[in-house]
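Here is a friendly note to read alongside the structure.

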Amino acid sequence: MTARTDLDQTMRAYFEAGSSSHAPDGLLEGALAGVGRMPQRPAWRTLDWWLPSASVDRVAWHTRRVGIVAVVGLLAAVLLTLAVLAGTGHPLPPPIGPARPGAIVMEVGGDIYLADPNGGNRVKLYGGAHWDGHATFSPDGTKIAFESALDDKSKSLMVMRADGTAPTTLIPELNIVDDFIVWSPDSRWIAISATRFDDSGGAMFPTPDARIFVADVEHGTSALLGGVFGHNPQWSPDGTMLAFGRTSSDADGVYVMRPDGSDLRPLSSVPGGGAPVWSPDGKWIAFLAPGVGDEADLHLINADGTDEQQLTNGPEGESFPIWSPDGTKIAFARMLDSGNRGQLEILDVADRQIIMLKGALVTHDQPVWSPDGAHILTYIFTRPDNPDHVSGYDTLGIFDVTNASPPVMVSVPGLRTASWQRLAP
Amino acid sequence: MQRDLVERAQRGDRDAFGRLAEQSVARLFDVAQLMLRDSDLAKDAVQEALILAWRDLRALRDPDRFTAWLHRILVRCVYRAASLERRQAAVRALDVGGDRPVADSGRALEDRDEVDRGFRRLKPELRAALVVHHYLGLTHEEAAEVLGVPVGTVKSRLNRATSAMRAELQAEARGRERMATETIR
């Protein structure tokens, strides 16, 4: 039965054998009963009338296929619409790395102001009779955390939307030590170092060292991490670790731990190390440690605690190291003028070359690298008398990191600190 | 004669349509039963086809094409019944009991059982192609009209169906030879 004709004959025989040449009893009667109840349709209501008969089934199939395509297309359109709506809303920048510079939020005279990326068009965002300051944009650029003083003794850690609405207290009654509000890369957590005051006004932790607190921004809760004394906490780029400095008698140097307080361990054996800052790729940590004449030098260490290197070694003290958004450079202030003012310098991590940014002496607060890495923002006291950084500076300086153009100097009397909003590229 | 009945039926004459149905019903049932291999499903398909044919008869432009047109409606009803059946009891398609070919003797009966097993394993579209081509004796073009697909699709389905049947029969033959060898040993 291998020949085609054999199979054809077999099939014919099979069909002939299977055919009965008569219909089962009742079939015709049942069909005609149905016919009796069914009215005929006008010809124009059938596809056969409008199309060649051979096309009708294909049209029916095409209709089903068109229906399927239409449903799929509709779903795609809905998804596209949602994507467009989301896109036209507020696309978020990546949590780490370069981003587009947005507004600058700054503390001026105890209130919080918002300004254009060039420092102009300053408008008051939040403030009142009490002091508010140290405003810091979240990495996604949607929120601002800040400190608010309710009385002379304590401050609260608060957060609000980037437009100044919905201010919420995260942690009340704190004595925030470092004035650094450090957002986690995913913008969901804030780490600070502080002491908490008890109801009687006395310090609950009456020690010279602060403890590290972590606040859950979304749920408005906070936690004291493992009773750890420390300062200058810094999140790792993946948000899984915190690096910080310790200066107590039994623990001195740079430490790391998980955000829940577990896995606490020293990172560097250099005594007095502190002010750690994580590189954007998470591989390195730059930090300060006392050197010649007890002035701080800049150090670098692998995030796993190996390959420690000293980057600067001079009579002047370095302060406020900060990584460029692309992770290729570290900016810091080399303090002059008895430590009251200094010059901004940038170290190329690859070749260790250092350039000085020309234009002005800067003062004693943390500079800010613009999200696109093109500028550094800092605070300047232009009056000839001794700077009083407690009362505030008088000028916002925006430095070109290539020295190709002179810094933009914006007069802002009463300026303290500032933060640059990151926007999606 | 048939043309006259069709034209009368198109004008709403139920008796004329009854005559047409009477002339066609046995053939329709055979076709449906061969395609579906289930007499109950075949009866349902035929009843539905006749009722739909009556409903849409006025759209038939050429009364001489009535039989082909009616078979096309039947094929649609068979597909619908097969689809429903697949959803309700997929396993039953492999059940070789039930509607068997008429009794025969010896080798012929054995061959027909093998063909029956192979045929039941085919998809309804392939079974329909074999039935309209081998049972109704339609050409590829006529089969295309009845099945509502292009001629190329008819050829393709016939080729796939016969290949599958041939493979099935060859496998059965190899099994028989193996059993015979083991029996001799």
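Predicted model: local features only at pLDDT ≥ 70, side-chain atom pairs only at ≥ 80, totals over all residues.

1. Every value below was computed from it.

2. Let's begin with the whole interface. Chain B brings 52 residues to the contact, and chain A brings 42 residues. Between the two chains about 4300 Å² is buried, and carbon and sulfur atoms give 64% of that area.

3. Now for the polar side of the interface. The rule finds 11 residue pairs in polar contact across it, with both residues at pLDDT 80 or more. On the side of chain B that touches chain A, the elements giving two or more residues include helix H1 (2-10), helix H4 (66-88) and helix H8 (151-184) of chain B. The top contributor on this side is H2(B), with 11 residues. By type, the residues on this side of chain B are 26 nonpolar, nine polar and 17 charged.

4. How many salt bridges are counted between chain B and chain A? The count is one. To find it, look for the side chains of Arg41(A) and Asp56(B), which meet at 3.0 Å, N to O.

5. Helix H2 of chain A (residues 27-37) packs against helix H3 of chain B (residues 39-56) at an angle of about 35°, and their axes lie 9 Å apart. The crossing of H2(A) and H3(B) is right-handed. From H2(A), the residues in this contact are Leu27(A), Gly30(A), Ala31(A), Gly34(A) and Val35(A); they meet Lys43(B), Val46(B), Gln47(B), Leu50(B), Ile51(B) and Trp54(B) of H3(B). Sorted by type, the residues of this contact are seven nonpolar, three polar and one charged.

6. H3(B) also has a partner within its own chain. H2(B) and H3(B) pack at an angle of about 145°, with 9 Å between their axes, and their crossing is right-handed. Among the residues making this contact are Phe17(B), Val25(B) and Phe29(B) of H2(B), together with Ala42(B), Val46(B) and Trp54(B) of H3(B). The contact of H2(B) with H3(B) is made up of 14 nonpolar, two polar and two charged residues.

7. Finally, zoom in on Arg55(B), which sits in helix H3 of chain B. Which residues does Arg55(B) touch, leaving aside those up to four places away in sequence? They are Met38(A), Pro39(A), Gln40(A) and Arg41(A). Here Arg41(A) comes up again, as the salt-bridge partner of Asp56(B). Within chain B, the C-alpha atoms of Arg55(B) and Gln10(B) are 9.4 Å apart, although 45 residues separate the two along the chain.

How values were computed
Residues numbered from 1 in each chain as written. Chains lettered and ligands numbered in written order. Heavy atoms only, no water. Axes fitted to C-alpha atoms, helices over the stretch in contact; angles between N-to-C directions. Helix = DSSP H or I, 4+ residues; strand = E, 2+ residues; numbered from the N terminus. Left-handed = near helix turned anticlockwise from the far one by under 90°. Contact = heavy atoms within 4.5 Å. Nonpolar A, V, L, I, M, F, W, Y, C, P; charged D, E, K, R; others polar. Buried area = accessible area lost by both parts, 1.4 Å probe. Salt bridge = Lys/Arg side-chain N within 4 Å of Asp/Glu carboxyl O. Polar contact = N/O pair within 3.5 Å; in protein donor to acceptor, adjacent residues only side chain to side chain.
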